[in-house]
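Hi everyone, thanks for coming. Let me put the structure up on the screen, and then we can walk through a few of its features together.

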Amino acid sequence: MLASNDPDPARGSSTIQIYEYDNGTIREVNQTVVTQPVQLWEDSIRPRDALVIANESDMYQSGLTGYYTIPYRDRWYTLEEWNTKWGDRELRILPLYDADPSQATDTDGEYTVEVRNPNGWWNPVYGAEVEVNGSVPEVTNPGTALVQSAEYQTITDRKRDIVEGLLRYSELAPSESVARSTVAVPMDNGSEVFPTVDGASTSLVWRSGSHDLVRDAYLGFIDVTPGVWYRNRYVTQTRQVNTYIPWDYRISVPTDYSESDSCTINGKSYSLTRWANYRLLDSEATVVDVTAGNISMQQWGPGQWTTLNYTSPLSEPRPLPVGIHTMTATLQIDVELQKRYGVSSSRCGDWDRTRVETRSVTLTRSVPIETINSDDLSVDVRVYDRPGDDVVSVEWTGAQGLAAGAAGWERVEVQVGEKTMYVTAPWRFFSVSRNTAVEERTESGTSEVAASHSYGGQYPAMLRYRMSPANVSVLADQPADRHIWWETTRADEAGSVAATPLPDTIVAPENANRTPLYDQYAGTLKSTDAVTGESISVSAVDIWGFPVTTRKQVTRYEEAVLNVTIDDGTGTAEITLRETDGTPISGREVYVDGATVPAVVTNASGVATVDINRPIVQARFTGDDWWEPHSTYYLRTQAVAVSSASIFVDAIEVVSYLNDAVSNAMLFVEWLVLGIFAVFWMRYMRCRPV
């Protein structure tokens, strides 16, 4: 599941039933659905969903923390056991029409029941019996209702399994003989991921040539975490850099040797045997030095190295400055070999010698890394609080992207009362496997073991992230008692990110296009409530999970009162726009129907006067646009006035106005609500000519 470039047998085979209309007949047909990449969140998905995703899709993350979790088997608790284990947890019971129909339902099929996981997400509850007590639904069988949970593995744990699997014949070998006899070499479609070398050469006794004591030695970097392989180098953060280093080798001792020859004594030939025996006395191998830039890294586990000074009492971080560096590791292999050789002969004389030799191999590997952070990035969130349609504007200051001094931001979270929305970054990180198999090489031959994508496999596939740009988007949590919509109204671009090469096996259609970045991204957060004055909080994090400097500014829209008064003597209407306490609102445009001009602007007293040409005058103040500079922002409002002068009640004009009103459904409905139609008609009947 973590390897996005692994085979997906069911890709593109998902079908849905749709209805087609053909020659007056409606028929049901199956249509193949193109499988799109699925986002992996930090909360654990259900095992059954993981199985489906792994079988037919690719997965990506929006961040690079190691806390994403992968389930590998189901685990069940009764609701009572769950609450005993974690304490009484929050329970939510949703009517089925408000819930995902694929979720578990109660025994009557009317509700879905979920319980809050300690990590924040929701776990489904199966077999719950729900009864409504008054207006509150309750679960009445906590002893038998089952909470579906999962046993899972974090990505950090997976990386440890990978390096420990490759160290099974070196650092973690059960004995020296095992370590010296077998080497596990990662392979990618027949090619060595980390090139192996032979060395520690020794000369052969009684024979020409030499023999390499060390065979198939390699050293490599599985991954740099938290990081991504991007533009031919690892990109990681400055605070703490970790890496995983596998290494291995095997020892090949020369075979014992003997040869027959002869010597001549007093003209007579006698036989002799020249011989040589080789014995391995000792071998030692260790990664002697790992550096990141000018920092000497410390080992904190098998094959695991860090810039953190974990030996200090407080495990002090040692930040690596922003910029491009080199990460280097050195493997030292020392071999001690005994050579015992001589001549055996009954007449020519026996002799033997013993010599001990030490031979070494030093292997160095390096990878380029680039460190970045979000210190120079800041986010300003402006919330314009209005009933039912709050405006949220997000502005970024500083460099964005994956370059020196410009850490990618992952998420901006805005909470308005009980409504939560997330502006998500355009980064997609696909976990890519680097090897297809591991070759176990011994003196007697080579066997191949497929790299495993399953939990508990002998050799988990090596993984690292590749970055693919996508789109900035907005997600909104959907509370049970209301719906939330987002409508983007403004997006000011600030450059873009080009497409990034990915393995052909990854389906990422958006990666083919440039991805825009934004100085500002704004829109309306619409909901079914009409609440103002809600509590508002904002936060932002970068792709490493570290907070980004975030500021908020909240503007509460105020109510405005609009009045229209008609002066029948002058044939004018006075329009006033004031606050609820009577304070005038100046400089605002008010639209007018039934006047000689379509709009007027209020003066310093909040007043505007207009000549009228209809018996009914309607004024509309559409409210302040959030992007315009105002000291106070006002909500929309409108008002209507009716003339009582006979000059305006000519029947033809009345009929004409009624026709206009009927054609304007909104105005006509307003008449019915306000009772204006009845009032006007009575006035017309009272004032018509005899």
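Look at Arg428 here, which lies over the face of Tyr60, 4.2 Å from the ring centre. We say a charge sits over a ring if NZ of Lys or CZ of Arg is within 6 Å of the ring centre and within 35 degrees of the ring normal. Arg168 does this with Tyr459, at 4.9 Å from the ring centre.

A quick word on the source: this is a predicted model, where local features need pLDDT of at least 70 and side-chain atom pairs count only at pLDDT 80 or more, while totals for chains, interfaces and linings use all residues. Residues are numbered from 1 along each chain as its sequence is written, and side-chain values use heavy atoms, with hydrogens and water left out.

Staying with rings, how many aromatic pairs does the count come to? It comes to 16, where rings of Phe, Tyr and Trp (its six-membered ring) pair if their centres lie within 6.5 Å; planes under 30 degrees apart count as stacked, over 60 as edge-to-face and the rest as tilted. One of them, Tyr384 with Trp626, is tilted, at 5.6 Å centre to centre and 50° between the planes. This pair links distant parts of the chain, 242 residues apart: Tyr384 is in strand 28 (residues 378-385), and Trp626 is in the loop between strand 46 (616-621) and strand 47 (637-642). Strands here (E, at least two residues) are DSSP runs, numbered from the N terminus.

Are these two buried or exposed? Tyr384 counts as buried because its relative accessibility is 7%, and Trp626 is buried too, at 6%. Buried means under 20% relative accessible area, exposed over 50%, and partly exposed in between (1.4 Å probe, protein chains only). Ring pairs also join Tyr384, Tyr557, Trp626, Trp627 and Tyr633 into a cluster.

Now for the cysteines. A disulfide is a covalent bond between the sulfur atoms of two cysteines; here we call one when the sulfur atoms are within 2.5 Å. The structure holds one: Cys263 and Cys348, with their sulfur atoms 1.4 Å apart. Cys263 sits in strand 21 (residues 257-265), and Cys348 lies 85 residues away in the loop between strand 26 (323-344) and strand 27 (351-372). The link is left-handed, with -75° about the S-S bond. Cys263 is buried, at 16% relative accessibility, whereas Cys348 is partly exposed, at 25%.

That's my tour, so please ask away!

Technical notes. Helix = DSSP H or I, 4+ residues; strand = E, 2+ residues; numbered from the N terminus.
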